Amino acid sequence: MDNYTIANARVITPMRIIDGGMAAVRDGVLCYVGPYDAAECCGTVIDAGGLYLSPGFIDLHTHGGGGHDFMDAVPEAFLGAAKLHAAHGTTCLLPTSLSSSDEELLGFFDAYRKALPDNGEGAAMPGLHLEGPFFSHAQSGAQDKRYIGPPEPARYEKILAAGKGLILRWSAAAELPGAMAFFRRLREEGIFCAIGHSDATDDIACEAIENGCTHLTHLYSAMSGMVRIKSYRYPGLIESAFLFDEMTAEVIADGCHLPGRMLRHCYRALGTNRLCLVTDSLRGAGMPDGESTLGSLKNGQPCIIEEGVAKLPDRSAFAGSVATADRLVRNMRDLAGAPLTDAVKMMTMTPARLMGFKKKGVLAPGMDADMVLFDDGIAVSRTFISRLPK
C-alpha cells in the first residue's frame, strides 16, 4: 500500500500532540502531517479511531526476539526477530552481535546478507551493530570472556573487510591498548563508535571523545562508576555521561536494569537530545517465562526469563533484556515521568539523528512512512514500515 491516509489520530510530533490529526502517504513517503484536511487525503483512508500515531520506533541495540538470536547466524533468525519487533512498533533496528569467534561473526554477516531480500514483514535492518569483542574482562557482564580482548589491527581489519558496507555501529572498551587508534579507524569508515563494557575513567572518556567516540553503550550497565585510588576518587564512565556535553548515551529502559528513579535521573540530566532508548533484547523478547539461551543456540549460555528480564541460571546477575520498544516508551512515561512526546522522541528522533538516518524518526513531509499506532497503554495496534530502497 503505497498511497494511504491515516486519519482521526493523535499525531505525535517532537513538540506536541495533534488531536484529530492525520498523516498522508504517497509512494511510501509522508506528504502531509497535521490537522485533518480532506484536500490533503491520499489513497485509502484508514480511521485510527483516536489512537496515537507516532514515528516508528528505532532500536539501535537488539540481539533478537521471538525465540531468535541474530548470532544463530541463519536468515530465519533475522527475519523472525525483525517480525517480532515490528509487532511492537519497531520499524528500524540494528541487529547486534555478541563477542564470539571470528568464524561465528562472519556467519552473522552472511546470514544478514541472505535475510535482507526476504524481509517483507519485519522491521527494516539498514546495518549491523557489533557489540564486542574488544571489551574489558572486568566489565564483561554476560559476554563470553573466551573471545574478548584488546583491539588488534590484524583482527579488526579482517572483520572490517568481511563486513564492508554492513557495519553501522561498533561498541568497544576505551581503556584497552590500541582503543584510540581503533576508534579513529572506525570513524574513517564512517562507523558510529561507542564505549561499552568498559572500565575507563573520565580522562580516558575525554580522550575517546577527542578520537571520535562520543556515545556510551547501555548507561550504568557494564561500565565503571566512581573509583577510589589511594584515597582519591576519580570519575568513571557513568559520571562521564553527565560531565561531557559531547557524550550521548543509551539506556535499557526495561525497568529492571535501572529502576524508575534512575531512569528519571538519566532523562532529567541528559535530556532527549543526548539520551536514547534501546531494548538490548535477547531471543526471549516476546516469549513466555522459562529457560532460554543467551547468544547462539550452538555456543550460547543458558539463562532464565522471569520477572520481565533474563537472568543467569544462578540468578546472580542479569543475562540481558527481554524488552520490546513499546515497553521502553511506556516505562519512560510511567516510571521516569517523561511526557509522551519526550518518551517517543528518545525512541525515534534521537536514535535517527545519532545514526544519520535523515529520513526517519519524525512525522513530517518528505520523511519515510515509518509509523506506529498505539493506545493510551502504549499497546501497539498497527505498524507501518516504508520499504523504499535506501
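Ser231 counts as exposed, because its relative accessibility is 56%; exposed means over 50% relative accessible area, buried under 20% and partly exposed in between, with a 1.4 Å probe and protein chains only. The model is predicted: local features need pLDDT of at least 70, side-chain atom pairs count only at pLDDT 80 or more, and totals for chains, interfaces and linings use all residues. Residues are numbered from 1 along each chain as its sequence is written, and side-chain values use heavy atoms, without hydrogens and water.

Ser231 sits in the loop between β14 and β15. Helices (H or I, at least four residues) and strands (E, at least two) are DSSP runs, numbered from the N terminus. Ser231 is not a glycine, yet its phi is positive, about 80°. Tyr220 also has a positive phi, near 80°. Its loop runs between β13 (215-216) and β14 (227-229). Tyr220 is partly exposed, at 24% relative accessible area. Most residues other than glycine have a negative phi, and most peptide bonds are trans. The bond from Gly132 to Pro133 is cis, with omega near 10°. Pro133 lies in the loop between β10 (128-131) and α3 (153-162).

The largest nonpolar core holds 85 residues, and Trp170 and Phe183 have the most contacts inside it. Such a core is a set of buried Ala, Val, Leu, Ile, Met, Phe, Trp, Tyr and Cys residues joined through side-chain atoms within 4.5 Å. Helix α2 (residues 102-115) gives the most to this core, with 6 residues. A second, separate core has 20 residues, among them Tyr4 and Ile6.

Ser97 lies in the loop between β9 (90-95) and α2. Ser97 is buried, because its relative accessible area is 1%. Its C-alpha atom is 9.0 Å from that of Asp69, 28 residues apart along the chain.

Next, the open space. The second largest pocket has a volume of about 380 Å³. Of its 23 lining residues, the closest to its centre are Gly141, Ala142, His197, Phe318 and Ala319. Strand β21 (residues 318-321) supplies the largest share of this lining, 3 residues. On a 1 Å grid over the protein atoms alone, a pocket is an open set of points with protein on both sides within 12 Å along at least five of seven lines; lining residues have an atom within 4 Å of a point. Points are joined across faces, edges and corners, and a volume is the space filled by probe spheres set on them.

Conventions:
On a 1 Å grid over the protein atoms alone, a cavity is a set of points where a 1.4 Å probe fits but cannot get out, and a pocket is an open set with protein on both sides within 12 Å along at least five of seven lines; lining residues have an atom within 4 Å of a point.
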